[in-house]
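Please read the following walk through one protein structure with the sequence at hand.

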Amino acid sequence: MIVLCIINNHTLISINSIAAKDTLLIAFYFLQTLLQKVPSRKKHKIIMKQASLMNSFFIRVKHFVPNITFGHPVVESLRKQLGQDPFFDMHMMVSRPEQWVKPMAVAGANQYTFHLEATENPGALIKDIRENGMKVGLAIKPGTTVEYLAPWANQIDMALVMTVEPGFGGQKFMEDMMPKVHWLRTQFPSLDIEVDGGVGPDTIHKCAEAGANMIVSGSAIMRSEDPRSVISLLRSVCSEAAQKRCLDR
């Protein structure tokens, strides 16, 4: 299942095929703003064709990082335009994630992903997100140990391991984050685990083999002359790794 997603003024494609339990979600994130002259219209059409079945949106909100983006008014607008079917996941890179839970829920968000480093009381925030009718995602920056996330793993729906420092696209993939993914997959086999940052054809095997079932890729697709083939490669590698994990159990 291929889905089209939006992250602030960027576009994201997700592919949902098989995962931790039986589902794999690959999120293709490509920098495509209305102000950019690239990618070409032809390339854009190719990627849009790959995302012809739209049912999920990922919206990244930034304040925890230096650059600025938008918030719940855009979510509300998208929900009104697209109806109730799309799934909206909010990656909240904000310094006080508690203050945006209710506005995002009212606006129509389905999942609220916050950074563990940005709150002093993760348990209370998880409870508040649940009480507002949303699923819970928990993200950690490269400098945060995975053991810091572990106490909350059974209370969340998704763990996000950043493979670059959050805030800017086009950074180099941090391979030393893969032990975090592997440890989470071993300890919490049914948990959705996402990696975000520097993921492309040269690094996808490491992510998939470590146990990630939610993959975000941006520059690797948009800078490619053949985005269709890149998307196909990322999908096939992750599908094979997920199937192998199922057979090994």
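Does Phe 188 count as buried or exposed? At 13% relative accessibility, Phe 188 counts as buried, since buried means under 20% relative accessible area, exposed over 50% and partly exposed in between, for a 1.4 Å probe and protein chains only. Trp 183 counts as partly exposed because its relative accessibility is 27%.

The model is predicted: local features need pLDDT of at least 70 and side-chain atom pairs pLDDT 80 or more, while totals for chains, interfaces and linings use all residues. Residues are numbered from 1 along each chain as its sequence is written, and side-chain values use heavy atoms, without hydrogens and water.

A search of the whole structure finds 1 aromatic pair. The ring centres of Trp 183 and Phe 188 are 6.2 Å apart and their planes stand at 70 degrees, so this pair is edge-to-face. Rings of Phe, Tyr and Trp (its six-membered ring) pair if their centres lie within 6.5 Å; planes under 30 degrees apart count as stacked, over 60 as edge-to-face and the rest as tilted.

Now turn to strand β6, residues 111-115, where 5 of 5 residues are buried. Strands here are DSSP runs of E with at least two residues, and helices are runs of H or I with at least four, numbered from the N terminus. In a regular strand the side chains alternate between the two faces of the sheet. Gln 111, Thr 113 and His 115 are on one side of β6, with Tyr 112 and Phe 114 on the other.

Strand β5 (residues 87-93) pairs with β6 in the parallel sense over 4 bridges; pairing requires at least two DSSP bridges between two strands. β6 also pairs in the parallel sense with strand β7 (residues 135-140), over 5 bridges. In this pairing, Phe 114 stands opposite Leu 138.
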